[in-house]
There are 2 protein chains.
Amino acid sequence: MNFCSLCGASVSLTVPEDDTRERHVCSRCQTIHYLNPKVVTGCIVEWEDQVLLCKRAIEPRYGLWTLPAGYMEVGESTLQAAKRETLEEANARVEVLDLYMVVNLIYVDQVYIMYRSRLLDQDFSPGRESLEVGLYMEKDIPWDLLAFPVIRETLRYYYEDKKAGQFRIRTGEISRDAQGYVFHLHT
Amino acid sequence: MNFCSLCGASVSLTVPEDDTRERHVCSRCQTIHYLNPKVVTGCIVEWEDQVLLCKRAIEPRYGLWTLPAGYMEVGESTLQAAKRETLEEANARVEVLDLYMVVNLIYVDQVYIMYRSRLLDQDFSPGRESLEVGLYMEKDIPWDLLAFPVIRETLRYYYEDKKAGQFRIRTGEISRDAQGYVFHLHT
């Protein structure tokens, strides 16, 4: 951030009075521009013993597989955003069953909120951001071709809970180190 | 938003190619500036049969009572942010027990994420943003002097679950109409 989005003057990094962190502060109008994490929300879409996967038609991770998910917009709820992303990426209509994952990805300043949902009909197709969309049995999931660690962890817990016969909300964070990505449960 | 925070040129509201919504787009460098909801996170802090409340020393709702909570910062998890806010507003150290509420406040573009937690010691005191901090039994909660509808709903569900002997995550949204605020459970 270099300029004030309100008045166009330059901003500088300073610690405002009564604050403890450096902020981008406007040199003219003194507006403090805070940076905050973003919410990404989406769905695990179930159809009988299968889940819906999308092959990405956009960067990053073009050509790899993901669950329908994306940035939450202003003016909508996390649940509305999850259904909207599912419709946009897979032209799929779902009924949301429950909140399933709340995962922090601190290394990209995102909070992932995933819902378990039920596909309402088989009339789905690739949206603009997808090359392919399909229903997959657990044994056919392309584990080595998943786009993001959070998608792998979401699916891993999903199948663990499915086998146990009970879904329970998972909350935690994924951290990244030299060895790769690790999921830590919060509670 | 009037100016591009990267190059300082003016922005205008237009629908970018391959998008469906109006965005603030820079007239010079073409950067698209997205607006996204913010995450507010905090704690219901338990000590025996009491919960910790803070009397606000800042606007909005100066002088009204709230649970320790505030905007999540970049570089931290929702859980870290909830503990940080509890420390900042009440100088209170807690152990987080579980995720308890995920509530959308669409009218202010916030997602509230509240954790149930246990106070570790009674060495707490008002932080900079609080006039008073205290432990309250249910019968002594100042229900008519709570700062925000989401705080009232969080406490209402908390006591309902406490009586039932089981806490379960609540997820939904609060909407505002001419009659006031209404909580809708999502699932």
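Two residues are in contact if their C-beta atoms, placed from the backbone, lie within 7 Å. By that criterion, and leaving aside neighbours within four places in sequence, Phe167(B) is in contact with Asp98(B), Tyr100(B), Arg116(B) and Asp161(B). The structure is a predicted model, with an ipTM of 0.95 and a pTM of 0.95. Chain A has an average pLDDT of 96, and 100% of its residues score at least 70.

**Relation between the chains**

- Chain B is superposed on chain A by a rotation of 180° with 0.0 Å of shift along the axis, at an RMSD of 0.0 Å.
- The two copies are therefore related as by a two-fold rotation axis.
- Because 100% of the interface residues of chain B are also interface residues in chain A, the copies meet through the same surface.

**Interface composition**

- Chain A and chain B each contribute to the contact, with 37 residues from chain A and 37 residues from chain B.
- On the side of chain B that touches chain A, the elements giving two or more residues are S4, helix H1 (78-90), S8 and S11 of chain B.
- S8(B) supplies the largest share of that side, namely six residues.
- Classified by residue type, the side of chain B that touches chain A comprises 19 nonpolar, 11 polar and seven charged residues.

**Domains of chain A**

- The domain assignment divides chain A into domain 1 (1-35) and domain 2 (38-185).
- The C-alpha centres of domain 1 of chain A and domain 2 of chain A are 36 Å apart.

**Helix H1 of chain A**

- Helix H1 (residues 78-90) of chain A has 13 residues, which at 1.5 Å a residue should span 18 Å; the end C-alpha atoms are 18 Å apart, so the two values agree.
- The buried residues of H1(A) are Thr78(A), Leu79(A), Ala81(A), Ala82(A), Lys83(A), Glu85(A), Thr86(A), Glu89(A) and Ala90(A).
- Asn91(A), which follows H1(A), has a positive phi near 45°.

**Helix H2 of chain B**

- Buried positions in H2(B) are Val150(B), Ile151(B), Glu153(B), Thr154(B), Leu155(B), Tyr157(B) and Tyr158(B).
- The cover over these buried residues includes strands S4 (38-47), S6 (65-66), S8 (94-105), S9 (110-119), S11 (170-177) and S12 (180-185) of chain B.

**Phe167 of chain B**

- Phe167(B) is placed in the loop between H2 and S11 of chain B.
- Phe167(B) counts as partly exposed because it has 17 C-beta neighbours inside 10 Å, whereas a buried residue needs 20 or more.
- Phe167(B) and Leu146(B) are separated by 21 residues in sequence and by 22 Å in space, C-alpha to C-alpha.

**Gly172 of chain A**

- Gly172(A) belongs to strand S11 (residues 170-177) of chain A.
- Gly172(A) counts as buried because it has 20 C-beta neighbours inside 10 Å.
- Apart from neighbours within four places in sequence, the contacts of Gly172(A) are Val103(A), Phe183(A), His184(A), Leu185(A) and His186(A).
- Between Gly172(A) and Met101(A), 71 residues apart along the chain, the C-alpha separation is 8.3 Å.

Key:
Residues are numbered from 1 along each chain as its sequence is written. Chains are lettered from A and ligands numbered from 1 in the order in which they are written. This is a predicted model: local features need pLDDT of at least 70, side-chain atom pairs count only at pLDDT 80 or more; totals for chains, interfaces and linings use all residues. pLDDT is the predictor's confidence in each residue, from 0 to 100. Helices (H or I, at least four residues) and strands (E, at least two) are DSSP runs, numbered from the N terminus. The expected span of a helix is 1.5 Å times one less than its number of residues. A residue is buried if 20 or more other C-beta atoms lie within 10 Å of its own, exposed if 12 or fewer, and partly exposed in between; C-beta atoms are placed from the backbone. Domain bounds come from an automatic or database domain assignment. Ala, Val, Leu, Ile, Met, Phe, Trp, Tyr, Cys and Pro count as nonpolar, Asp, Glu, Lys and Arg as charged, and the others, Gly among them, as polar. Copies are superposed by least squares on the C-alpha atoms of residues with pLDDT of at least 70 in both.
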